[in-house]
Each structure stands twice: as C-alpha cells, then as structure tokens.
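Open the model in your viewer and keep the selection tool ready. We will go from stop to stop, and at each one you select a few residues and look.

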Amino acid sequence: MRPIRVLVVDDSIVFRELLVQNLSRDPAIQVVATAKDPFEARDAILAHRPDVMTLDVELPRMSGIEFLRKLMPQYPLPVVVISALSDKVFDAMNAGAVDFVAKPAVSSRTQLQDFIRNELLVKIKIASTAKIGNIKKVAMVQEQQHLSVKGNNLVVAIGASTGGTEAIFSVVKDYGTDIPGIVIVQHMPPGFTEMYAKRLNDQCRIRVKEARTGDRVLPGHALIAPGGDMHMHLVKVNGAYQVEVKKGPKVNGHCPSVDVLFDSVAKAAGSCAVGIILTGMGGDGAKGLLAMRKAGARTIGQDESTCVVYGMPKVAYDLGAVEYQEKLTDIAGRTYALLNKM
C-alpha cells in the first residue's frame with residue numbers, strides 16, 4: 001500500500017521543517033512538497049498531486065481561507081487546517097476543509113512530536129479517506145415544519161466527528177424554535193466549541209451555547225459539549241432535563257464522547273428522545289445509539305452518499321442502531337416526523 005502523499009503549507013520555515021521531519025517518520029506518510037504561501041501551494045499541487053494538504057489559516061499574499069475557496073471548486077483535495085484559536089477555522093471548514101487541529105503553543109520538541117503523533121497524523125490519515133465531493137453540499141431550503149404536540153419531555157441528541165461542523169449546521173439550521181431541547185457532541189479541541197456554539201447561535205433560529213453543568217435542556221435551545229477533558233451527560237432533575245459536564249477518561253479515544261452522551265440520553269429520556277449520528281471516523285456513538293433505540297428512542301443515521309467519512313453512521317447501522325438512514329438535507333424533516341409521532 002503506497003504512503004499518503006502530503007503537501008505541507010505554512011509560512012513559518014521553522015514550523016514547516018519540523019512538520020516535515022516528524023511527519024516523515026511515519027512510514028504511512030510521504031511529504032512530497034512544502035509551500036510558504038498559496039501560490040507556491042498551487043504550483044506544488046499541480047506538480048506533485050498530493051493526497052492531503054495541511055494548511056495554515058494565516059498565510060502571506062492570500063489567506064488560507066481565500067485559497068481554499070478558490071482551490072476546492074477546481075481541484076478538490078482533502079485539507080487539514082492547522083489553526084490558532086480562532087473562529088476563522090469554521091470559515092475554512094465551510095470553504096471545504098475536511099478537519100482541523102489547534103496549532104500547538106509548544107515549548108519543546110517532545111511536545112511537538114506528541115501533537116503530530118497524537119493529533120495531526122490521525123487527522124491526515126482520516127482525511128485521506130474522506131469523500132471530498134460531500135464536504136460542501138448546498139442544502140435546499142426546507143419548508144418550515146412544526147411540532148403538532150409541544151412538551152418539555154422530549155429531547156434530541158446529535159453526535160458527529162470528521163465533517164461534523166458543517167453537517168450539524170446543515171441539520172440545526174432547519175430546526176425551528178419549537179424543536180425540543182437538543183444536546184450535541186462534536187469532536188473538537190478545547191476552546192473551539194464555544195466559538196462554534198456562538199457561530200451556530202448567530203446563524204440558526206434556535207439558541208445555541210456551550211454547555212455547563214446545570215444548564216437546562218429547553219425547547220428551541222441546543223447545548224454543545226465543551227471540547228477538552230470532560231464528558232456531557234443528560235440527567236433528569238425534578239422532572240426536567242439538564243446536563244452535567246464532568247471530567248472523565250477518553251471513551252473510544254474521545255472526550256467528549258458521543259457514546260457517553262447517548263448512553264445518558266437512553267437512561268434519562270428513554271422513548272422520549274430522537275438520536276442522530278452524523279459523519280465521522282470510527283465508531284463513537286454507535287453503541288450509545290443502540291442503547292437509545294433499545295430504550296425506545298427513535299434513531300437516524302446520515303447516509304453514505306452525504307457523509308464526508310461514513311464511519312460512525314456505518315458502525316451504528318451495522319449494529320442495528322439506526323432506524324432511518326437519511327441524506328443530510330432530509331434529517332431535519334425526519335426529526336420532525338418522528339417527534340410528531342411521540
């Protein structure tokens with residue numbers, strides 16, 4: 001099996017060379033070229049035909065985001081963005097990047113090696129399997145839908161990973177303020193989840209925020225689990241749903257974990273829930289979604305044709321956890337249809 005051919009784009013010669021040295025130690029990776037700006041990157045893409053590109057957001061002569069917007073329609077390529085803590089990373093995802101990592105503030109080569117081995121290499125390998133044609137989908141405007149029965153006893157739980165930032169937006173933007181309370185886990189580095197929540201809050205009809213322990217799960221509101229070292233659990237207190245966000249070990253290699261959230265939803269909400277599993281590598285959330293379905297919840301999985309990475313939804317489907325497989329643009333409508341039968 002041939003190695004994954006990688007193009008490294010970063011304006012810092014020191015960081016660029018460190019990336020090359022450390023990435024090249026993995027026999028599954030071949031760094032075929034480097035570039036300090038989008039113009040050099042364009043030439044390197046045409047000359048070397050890389051499988052994956054790593055891209056800094058802040059570049060000279062043209063921003064990484066503008067470069068992505070020009071590149072993707074003409075030369076679709078899996079891109080992993082390396083970004084400082086900034087909401088610009090979500091512009092990059094919207095422009096077609098597969099995934100992103102937080103640029104480390106490293107003080108030693110050991111820290112950098114850990115970052116590359118534990119984060120960047122994993123993202124590059126996942127990106128090499130991504131279906132780029134599914135990253136940027138123009139969603140049709142959905143007809144406004146409503147619940148026939150309103151109540152605070154219902155909840156919607158959503159889990160996603162690679163490609164999930166855009167997939168979650170595609171679903172949530174079609175929900176109205178009458179939708180039951182929503183709890184979300186999206187695999188994401190710490191710090192970025194708060195910015196992502198604010199971005200969704202600005203762009204959607206419902207209210208969205210990063211979750212904190214004690215936050216109530218209310219109709220027309222969504223809570224996103226904070227990235228880092230904590231899991232989010234749904235609990236029922238005095239007949240009302242709220243969340244607990246507390247530290248715990250990684251589950252399925254992730255913290256927060258979709259499985260942890262879905263398991264808690266199965267216990268707290270039972271048949272009064274809808275579970276949705278979206279694009280992502282691996283199997284996080286599959287067993288939890290099965291627990292939800294066994295508890296009487298209705299479940300939806302994103303279909304292969306619209307997933308960036310058909311991993312988590314496939315594992316869930318193979319386990320029998322998915323009741324309905326839907327295209328991304330049909331998931332909001334299916335959610336309403338299921339809720340209206342509860």
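**Stop 1: a lysine and its helix**

Select K70. K70 is partly exposed, with a relative accessible area of 46%. Buried means under 20% relative accessible area, exposed means over 50%, and partly exposed lies in between, using a 1.4 Å probe and protein chains only. K70 sits in helix α3, residues 64-74. Helices are DSSP runs of H or I with at least four residues, strands are runs of E with at least two, and both are numbered from the N terminus.

Before you move on, note how to read the numbers. This is a predicted model, where local features need pLDDT of at least 70 and side-chain atom pairs count only at pLDDT 80 or more, while totals for chains, interfaces and linings use all residues. Residues are numbered from 1 along each chain as its sequence is written, and side-chain values use heavy atoms, with hydrogens and water left out.

**Stop 2: a threonine in a strand**

Select T54. Is T54 buried or exposed? T54 is buried, with a relative accessible area of 0%. Its place is in strand β3, residues 52-56. Show what T54 touches, leaving aside its neighbours within four places in sequence: V6, L7, V8, V9, V80, I82, L120 and I124. Contact means heavy atoms within 4.5 Å.

**Stop 3: the largest nonpolar core**

A nonpolar core is a set of buried Ala, Val, Leu, Ile, Met, Phe, Trp, Tyr and Cys residues joined through side-chain atoms within 4.5 Å. The largest one here has 89 residues. Select L23, M53, I158, Y175 and L278, which touch the most other members. Next, select helix α5, residues 109-127. Helix α5 gives this core its largest share, eight residues.

Zoom in on L23. Which residues is L23 in contact with, leaving aside its neighbours within four places in sequence? They are V8, I29, V31, I116, L120, L121 and I124. Another core lies apart from the largest one. This other core has 31 residues, among them A225, V258, A273 and A297.

**Stop 4: α1 against α5**

Select helix α1, residues 13-23, together with α5. The two pack at an angle of about 70°, with their axes 10 Å apart. Axes are lines fitted to C-alpha atoms, for helices over the stretch in contact, and angles run from 0 to 180 degrees between N-to-C directions. The angle makes α1 roughly perpendicular to α5. Angles under 35 degrees count as roughly parallel, over 145 as roughly antiparallel, 65 to 115 as roughly perpendicular and the rest as oblique.

Colour the contact. From α1, take F15, L18, L19, Q21, N22 and L23. They meet R109, L112, Q113, F115, I116, L120, L121 and I124 in α5.

**Stop 5: α6 against α7**

Select helix α6, residues 164-172, and helix α7, residues 192-203. They pack at an angle of about 30°, with axes 11 Å apart. That makes α6 roughly parallel to α7. G164, T165, I168 and F169 of α6 make the contact with Y196, L200 and Q203 of α7.

**Stop 6: an alanine in α10**

Finish at A316, in helix α10, residues 312-319. A316 is buried, with a relative accessible area of 0%. Leaving aside neighbours within four places in sequence, A316 is in contact with I277, A286, L289, A321 and V322.
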